[in-house]
Amino acid sequence: MKLNGLPAKDKKMREDFIKKNSLNKEEEIIENTLRPKSWEDYIGQEKIKTNIKVIIEAAKKRGEIGCEHLLFYGGSGLGKTTLAGIAAKELGGNFRITSGTAIKKTGDLAAILSNLNPGDVLFIDEIHRLNKLIEEFLYPAIEDFKIHLVLGKGLMARTMEINLPKFTLMGATTRIALVSSPLRARFGATFQLNYYLPEDLEKIIKRSADLLQITIDDEAIKQITVASRFTPRVANRLLKRVRDFVQVSGDKNHIDKKSVEKALGFLEIDNMGLESGDRKILEVLIEKFSGGPVGLKSLAAATNEEEDTILEIYEPYLLRLGFLERTPKGRTITSLAYKHLNKKQQNAKKLL
Ligand code: ADP
């Protein structure tokens, strides 16, 4: 079954994503306000920053327009778009954003490509979602800056070659394994964004609080950091939610430890940053599968979540916390998770 041109499964997944990841208009405006525009404001990911600076500097020295195509991968909200935006600014080109889900036909891509100016950066988010036909259409565009348009149908069909301005492609994905190897091979460099260290998240929260013109205690910053899933977007989102909470309760513009505790309690986010969706997965694992191992399909069916949502949103954080393990037989819950949930351990793999 298809809905709005998307298979029903994709549509549900997209809705799940929107629920978990997307921003409403107001949030989007705030996210853009907080988004770093320069290398100095982009905190952490030092190695990647250095590498990109070198690539850009070298290309500039050679007098080239743009630089080699770059691919970024890592979880949602880790700063892929922000990084690409800063790189585009350094290169001096416009930053054009699109996504693998938005490009449904080769014509969509042709329209985007033919509207680029020399030196522009085309950013394709969730690039693993491009279908094969579109991928193949993209290859000559990024290799030789040409596209081949087919005009007419059947025996009358002709191919027309169109030259494109020299542009730089920057791709981003949360699922590197789903990017085909021919596409991967066409990027000059690939970078993996890592989860953030607490000290970097603290700096990000402090900077965002300043931009939002709120004051915040060091202890409150630490608490938001712990609940941030090691991810800047989550840190900023929590900060904004705590700020709303504080303003509604009449505490004006100051955030302290108590207000963070209250707000997190209200949002049902626990002291490890687990949200109700994470806890549901762990609880289902314990109650229905005696702690595992269980395959992804069964876990998705039992939790009523899409497999991709588990893979992309819940599981990376649970694995990172050491609450879940992936074995060849499936997912297994660990003793750390039992302890955190205050549940009696069944056959958990002993980590302690
Ligand atoms: P992604 O593209 O990986 O989903 P974004 O680049 O959209 O992530 O980042 C989400 C938000 O997190 C940005 O608006 C920005 O405010 C914040 N952010 C991300 N990375 C950093 C960073 N390194 N330093 C400061 N803020 C960051």
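Q: A strand is a DSSP run of E that holds at least two residues, and strands are numbered from the N terminus. In which strand is the place of Gly171?
A: In this predicted model, Gly171 belongs to strand β8, which covers residues 168-173.

Q: Why does Gly171 count as buried?
A: The relative accessibility of Gly171 is 0%. A residue is buried when this value is under 20%, and therefore Gly171 qualifies.

Q: Which residues is Gly171 in contact with, leaving aside its neighbours within four places in sequence?
A: Contact requires heavy atoms within 4.5 Å. Beyond its sequence neighbours within four places, Gly171 is in contact with Leu70, Leu71, Phe72, Ile124, Ile127 and Phe187.

Q: What makes Thr332 count as buried?
A: Thr332, a residue of strand β13 (residues 330-333), has a relative accessibility of 9%. The limit for a buried residue is under 20%, so Thr332 is placed in that class. Not counting residues up to four places away in sequence, Thr332 touches Gly291, Gly292, Pro293, Phe323, Leu324, Glu325 and Thr327.

Q: How do you know that Asp120 counts as buried?
A: Asp120 sits in the loop between α5 (106-114) and β5 (121-125). Its relative accessibility is 1%; since buried means under 20%, the label applies to Asp120. Apart from neighbours within four places in sequence, the residues in contact with Asp120 are Gly93, Asn94, Arg96, Lys166, Phe167 and Thr168. Ala263 is 143 residues from Asp120 in sequence, and their C-alpha atoms are 42 Å apart.

Q: What lies 2.8 Å from a polar atom of the side chain of Asp120?
A: The backbone nitrogen of Asn117 lies at that distance. Because a polar contact needs N or O atoms within 3.5 Å, the 2.8 Å separation of the Asn117 and Asp120 atoms meets the distance limit.

Q: What makes Arg186 and Glu143 a salt bridge?
A: The closest N and O atoms of Arg186 and Glu143 are 3.3 Å apart. The definition asks for a side-chain nitrogen of Lys or Arg within 4 Å of a carboxyl oxygen of Asp or Glu, so this pair is counted. The two residues, 43 apart, link distant parts of the chain: Arg186 is in the loop between α7 (181-185) and β9 (189-192), and Glu143 is in helix α6 (residues 132-143).

Q: Why does Arg186 count as partly exposed?
A: Partly exposed lies between the buried limit, under 20%, and the exposed limit, over 50%. Arg186 has a relative accessibility of 25% and Glu143 a relative accessible area of 45%, so each is partly exposed.

Q: How do you know that the side chains of Lys146 and Glu161 meet in a salt bridge?
A: Their N to O distance is 3.8 Å. Lys146 is in strand β6 (residues 146-151) and Glu161 in strand β7 (residues 158-163), 15 residues apart. Lys146, at 26% relative accessibility, counts as partly exposed, and Glu161, at 48%, also counts as partly exposed.

Q: Are Asp244 and Arg243 buried or partly exposed?
A: Arg243 has 12% relative accessibility and counts as buried, because the limit is under 20%. Asp244 is partly exposed, with a relative accessible area of 37%. The side chains of Asp244 and Arg243 meet in a salt bridge at 3.2 Å, N to O.

Q: How many salt bridges does a search of the whole structure find?
A: The search finds 21 salt bridges. Arg175, Asp308 and Glu312 are linked in a network of such bridges.

Q: Which residues are closest to the ligand?
A: The closest are Ile43, Gly77, Lys80, Thr81 and Thr82, within a surrounding set of 20 residues. By class, this shell has eight nonpolar, seven polar and five charged residues.

Conventions:
Residues are numbered from 1 along each chain as its sequence is written. This is a predicted model: local features need pLDDT of at least 70, side-chain atom pairs count only at pLDDT 80 or more; totals for chains, interfaces and linings use all residues. Side-chain values use heavy atoms; hydrogens and water are left out. A residue is near a molecule or strand if one of its heavy atoms lies within 4 Å of it. Ala, Val, Leu, Ile, Met, Phe, Trp, Tyr, Cys and Pro count as nonpolar, Asp, Glu, Lys and Arg as charged, and the others, Gly among them, as polar. Helices (H or I, at least four residues) and strands (E, at least two) are DSSP runs, numbered from the N terminus. Buried means under 20% relative accessible area, exposed over 50%, partly exposed in between (1.4 Å probe, protein chains only). A polar contact is a pair of N or O atoms within 3.5 Å; within protein, one must be able to donate a hydrogen and the other to accept it, and residues adjacent in sequence count only if both atoms are side-chain atoms.
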